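My entries follow the structure.

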Amino acid sequence: MKNRLKVLRAERDLTQADLATKLEVSRQTINAIETGKFDPSLPLAFKIARLFEKSIEDIFQGEATIQ
Amino acid sequence: MNHAKANKADKGDWKARSNSNIIRLAIWTVSWVAAIALARFGPDYIWGSNQLLTVGAILLNLGIGLGLIVANIQHLKTLDEMMQKIQLEAMGISLGIGVIGGIGYALLNASNIISIDAEIAHLVILIAVSYLVAIFVGYRRYQ
């Protein structure tokens, strides 16, 4: 799953550690989400969306569409 | 306003809470190892053939072991979801290797194919090593 987390974080001048503290996760988890190696759960995705005042769809884009 | 302040304090506390749980887990682990040593070597070097003290040392070991389990559960609960996933996969792998490898090892011993006696310590080492390797691989995979 692709996401715009790195861009949004950079726009707000936040480090991975800053964002990790705000979301109550480890810095490694933020890095893994940004590089697409780990997909966050729905509650964490909502938390990220609320933090950046965006909708989940504005941040995360699924790679496949349902027919 | 107060709710917002409390929420901010909670967020700041997450890392501290996580570190505190790691320290608590380490203390329980060291205590448990010390209790094993006491139960194992106490009869040989401290109290001799006093059965009551031996049983007491074993019960102490079991009690501390229970505390260690609770501390480990609390530690796992404070991990974030990716860390929990890594831990879950590592525990699954080490449990699988422990059961499959342990039974295979016992069968080799029972069939007299291997000359050394199968001991529980060998199984514990196998589980511990496979767990550590699985944790390392798990962290590397998400880097």
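I took rings of Phe, Tyr and Trp (its six-membered ring) as paired if their centres lie within 6.5 Å, with planes under 30 degrees apart counted as stacked, over 60 as edge-to-face and the rest as tilted. The model is predicted, local features need pLDDT of at least 70, side-chain atom pairs count only at pLDDT 80 or more, and totals for chains, interfaces and linings use all residues. Residues are numbered from 1 along each chain as its sequence is written, chains are lettered from A and ligands numbered from 1 in the order in which they are written, and side-chain values use heavy atoms, with hydrogens and water left out.

I searched the whole structure and found 2 aromatic pairs over all chains. The ring centres of F38(A) and Y142(B) are 5.9 Å apart with planes at 90°, so this pair is edge-to-face. F38(A) sits in the loop between helix 3 (27-34) and helix 4 (42-52) of chain A and Y142(B) in the segment after helix 4 of chain B, so the pair joins two chains. I took helices as DSSP runs (H or I, at least four residues), numbered from the N terminus.

I then checked accessibility: buried means under 20% relative accessible area, exposed over 50%, partly exposed in between (1.4 Å probe, protein chains only). F38(A) is buried at 6%, and Y142(B) is buried at 5%.

The pair F41(B) and Y45(B) is tilted, at 6.3 Å centre to centre and 40° between the planes. Both residues lie in helix 1 (residues 2-45) of chain B, 4 residues apart. F41(B) is partly exposed at 41%, whereas Y45(B) is exposed at 68%.

Last, I noted S130(B), A134(B), I135(B) and G138(B) as the buried residues of helix 4 of chain B.
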